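Subject: The model, and what turned up in it

Hi,

Here is the structure I promised to pass on to you. Please open it alongside this message, and I will walk you through what I found.

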Amino acid sequence: LCAALGHPERRLPPVVHVAGTNGKGSTVAMIRAGLEGAGARCHVYTSPHRARFHERIRVAGDLIPEERLAEVLDRCLAANGPDPITFFEITTAAAFLAFSEAPADWTLLEVGLGGRLDATNVVERPRLAVVTPVDMDHEQYLGDTLARIAGEKAGIVKRGVPVVVARQHPEAMAVIAERAARARAPLHAWGEQWVAEESRGRRVYQDERGLLDLPLPNLPG
């Protein structure tokens, strides 16, 4: 479908791709808040929605308007023709189409399910990959062990693209680190290249450049 639409996924502003079991939505929200606080405009694709479908597609900072959503979905349906397609696949294609036709500085993509075979993973070269904590989920699709599930999540790791990894079970971390090494993707992992923890009601962040003593974020997730 992306090919039939002229590959909108290749015409996106720099992409931050977020996979994991827990905290994907919170992570995307915090990244968006930071970028917008610095004056950047962000396309954002998340799922599921809470009240309105439009929450899934934020174009240059604003929820996609009803008329624009209907227009890009109609174009996707016409381009897809009689071929089978899932709800999430056509939604993702519509988001890519809307994003590719509006100026912005960044694109934030939340994986829907897993990572390796997720519809969002058609983006060939994101600027950054992020893996939030991995745990047992969707075993019927992703595998019945933590290592197998972590392997699916780590499927968003691309050759040479930096990957930030949150605190993980050792079994999951081993798989993600091995995948990053094979892809020669610079790894920035909790407990190795950086640490962020709560201490006395504050957020303490430390990496090789030093230590930051920060207020706790407003979003507990």
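Below are some notes on the sheets, the pockets and the cysteines.

One thing to keep in mind as you read is that this is a predicted model.

Let me start with the sheets. Eight strands make up an open, mixed sheet, and their order is E4-E3-E2-E5-E1-E6-E7-E8. At its edges are strand E4 (62–63) and strand E8 (187–189), each of which pairs on one side only.

Strand E2 (residues 42–45) runs parallel to strand E5 (residues 106–110), and 4 bridges join the two. If you want a landmark there, look for Cys42, which stands opposite Trp106 in E5. Strand E1 (residues 15–19) is paired with E6, again in the parallel sense, over 4 bridges. Here His17 has Ala129 of E6 as its bridge partner. E6 also pairs with E7 in the parallel sense, over 3 bridges, and Ala129 stands opposite Val163 in E7.

Between E9 and E10 the antiparallel pairing extends over 6 bridges, and Ser199 stands opposite Arg202 in E10.

Now for the pockets. The largest pocket has a volume of about 1,300 Å³. Its lining is made up of 36 residues, and those nearest its centre are Thr27, Met30, Trp194, Ala196 and Arg203. Which elements supply at least two residues of this lining? They are helix H1 (24–37), strand E6 (128–131), strand E7 (163–165), strand E9 (194–199), strand E10 (202–207) and strand E11 (210–215). H1 provides the largest share, with 6 residues. Sorted by class, the lining of the largest pocket holds 22 nonpolar, 8 polar and 6 charged residues.

The second largest pocket has a volume of about 440 Å³. It is lined by 17 residues, with Gly25, Ala29, Thr46, Pro48 and Glu110 closest to its centre. H1 gives the most to this lining too, with 5 residues. The classes here are 6 nonpolar, 5 polar and 6 charged residues.

How many disulfides does a search of the whole structure find? The count is 0. For Cys2 the reason is distance: the closest cysteine sulfur is in Cys76, 8.2 Å away from the sulfur of Cys2, and that is too far for a bond. The cut-off used for a disulfide is a pair of cysteine sulfur atoms within 2.5 Å.

Best wishes

How values were computed. Residues numbered from 1 in each chain as written. Predicted model: local features only at pLDDT ≥ 70, side-chain atom pairs only at ≥ 80, totals over all residues. Heavy atoms only, no water. 1 Å grid on protein atoms, 1.4 Å probe; cavity = no way out; pocket = protein on both sides within 12 Å on 5 of 7 lines; lining within 4 Å. Points joined across faces, edges and corners; volume = space filled by probe spheres on them. Nonpolar A, V, L, I, M, F, W, Y, C, P; charged D, E, K, R; others polar. Pairing = 2+ DSSP bridges.
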